[in-house]
Amino acid sequence: MSATARKTAPLPDDIRAMKGTTPIVSLTAYTTPMARMMDGPCDVVLVGDSVGMVLHGLPSTLGVTMEMMILHGQAVARGLKTAMMVIDMPFGTYEESPAQAFRNAARLMAETGATAVKLEGGVHMAETIGFLVARGVPVMAHVGLTPQAINTLGGYKVQGRAAAAEPLLADARAVADAGAFAVVLEKVPATLADRITGEVPIPTIGIGASAGCDGQILVVDDMLGLFTDFRPKFVKRYATLGEEGEAAIRAYAEDVRARRFPGPEHVFSDKVPGA
Ligand code: KIV
């Protein structure tokens, strides 16, 4: 079903059923106004842990906390009616054991109303994914470049080239077998992303992957061009709000200094209304 025709948010099984038929549209959101803009056009809205870098100026996603995710998750939930909300599990809140993952996933879902959680990792997270799904927590998996592992991956590099292709395919298979309803493929060569999409039974959602994936996701601030100094190859800029915002702030500053703002239309008279 098209997102605009929907009256209620899709469930994980609805997203799973879109594999190979209808491309899944997804963006990240961190605030109510952004979520409102996406509700309708998007099938899935992800409260990504990218919030740490995008809104809080952190150098990576490693410093993101449960409290940050819950606060932004609650804000996003207020803006959504027809898109499914997925929330990222922050670094250090799920890797230790399936029980730790369940405790924190349940808290994220209970306190934000998210339908599902997303966590990073392939083969080594399969047991945890199975544990969560069996206990009522739908899981979106995330393989390829997993930003919470930048210190072991050696930075934000493309994953799965040459000999690394088979292990990445094994990661995608493992999360699907464990019960994930979809898998994000981040920074994966297009041919490998197409192969994974053809071989795993759950939808693949690409970011820096391939147009052949079952869906696409981008960080909303990137696609709106809110950053003037950050232009990764995999991001298509659909607007240049960063440049426009800077120009607007400069114009405001000039107006205030020249006493051009506020104008007569922006101030109040002393006339009592109705008198
Ligand atoms: O945190 C995030 O924004 C993500 C992406 C898939 C975009 O995980």
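1. Ligand and Asp-49. In this predicted model, a side-chain N or O atom of Asp-49 sits 3.0 Å from an oxygen atom of the ligand. Asp-49 is also one of the residues that surround the ligand.

2. Ser-50 and Asp-88. For Ser-50, the distance from a polar side-chain atom to an oxygen atom of the ligand is 2.5 Å. For Asp-88, the corresponding value is 3.1 Å. With a cut-off of 3.5 Å for a pair of N or O atoms, these pairs therefore count as polar contacts.

3. Burial of the ligand. How much of the ligand does the protein bury? The protein covers 95% of the 250 Å² that the ligand exposes when taken alone.

4. The surrounding residues. Besides Asp-49, Ser-50 and Asp-88, the ligand is surrounded by Thr-28, Leu-46, Gly-48, Lys-118, His-142, Val-184, Ile-207 and Val-219.

5. H4 against H5. Helix H4 spans residues 66–77 and helix H5 spans residues 98–112. Their axes are 9 Å apart, and the packing angle is about 35°. The crossing is right-handed. On the H4 side, the contact uses Met-66, Glu-67, Met-69, Ile-70, Gly-73, Gln-74 and Ala-77. H5 supplies Asn-104, Arg-107, Leu-108, Glu-111 and Thr-112. By class, the H4 and H5 contact residues are five nonpolar, four polar and three charged.

6. H8 against H9. Which residues make the contact between H8 and H9? First the geometry: the axes of H8 (residues 165–178) and H9 (residues 190–199) come within 10 Å and cross at roughly 35°. This crossing, too, is right-handed. H8 contributes Ala-165, Glu-166, Leu-168, Leu-169, Ala-172 and Arg-173. From H9 come Leu-192, Arg-195, Ile-196 and Glu-199. The contact of H8 with H9 holds six nonpolar residues, four charged and no polar.

7. Ala-162. Check the backbone here. Ala-162 is not a glycine, yet its phi is positive, at about 50°. Where does Ala-162 lie? Ala-162 is in the loop between helix H7 (150–153) and H8.

8. Pro-262. The bond from Phe-261 to Pro-262 is cis, and omega is near 0°. Pro-262 belongs to the segment after helix H11 (241–257).

How values were computed:
Residues are numbered from 1 along each chain as its sequence is written. This is a predicted model: local features need pLDDT of at least 70, side-chain atom pairs count only at pLDDT 80 or more; totals for chains, interfaces and linings use all residues. Side-chain values use heavy atoms; hydrogens and water are left out. Axes are lines fitted to C-alpha atoms, for helices over the stretch in contact, and angles run from 0 to 180 degrees between N-to-C directions. Helices (H or I, at least four residues) and strands (E, at least two) are DSSP runs, numbered from the N terminus. A crossing is left-handed if the near helix is turned anticlockwise from the far one by less than a right angle, and right-handed if clockwise. Contact means heavy atoms within 4.5 Å. Ala, Val, Leu, Ile, Met, Phe, Trp, Tyr, Cys and Pro count as nonpolar, Asp, Glu, Lys and Arg as charged, and the others, Gly among them, as polar. A residue is near a molecule or strand if one of its heavy atoms lies within 4 Å of it. A polar contact is a pair of N or O atoms within 3.5 Å; within protein, one must be able to donate a hydrogen and the other to accept it, and residues adjacent in sequence count only if both atoms are side-chain atoms. Accessible areas come from the Shrake-Rupley method with a 1.4 Å probe; for residues, only the protein chains shown count as cover.
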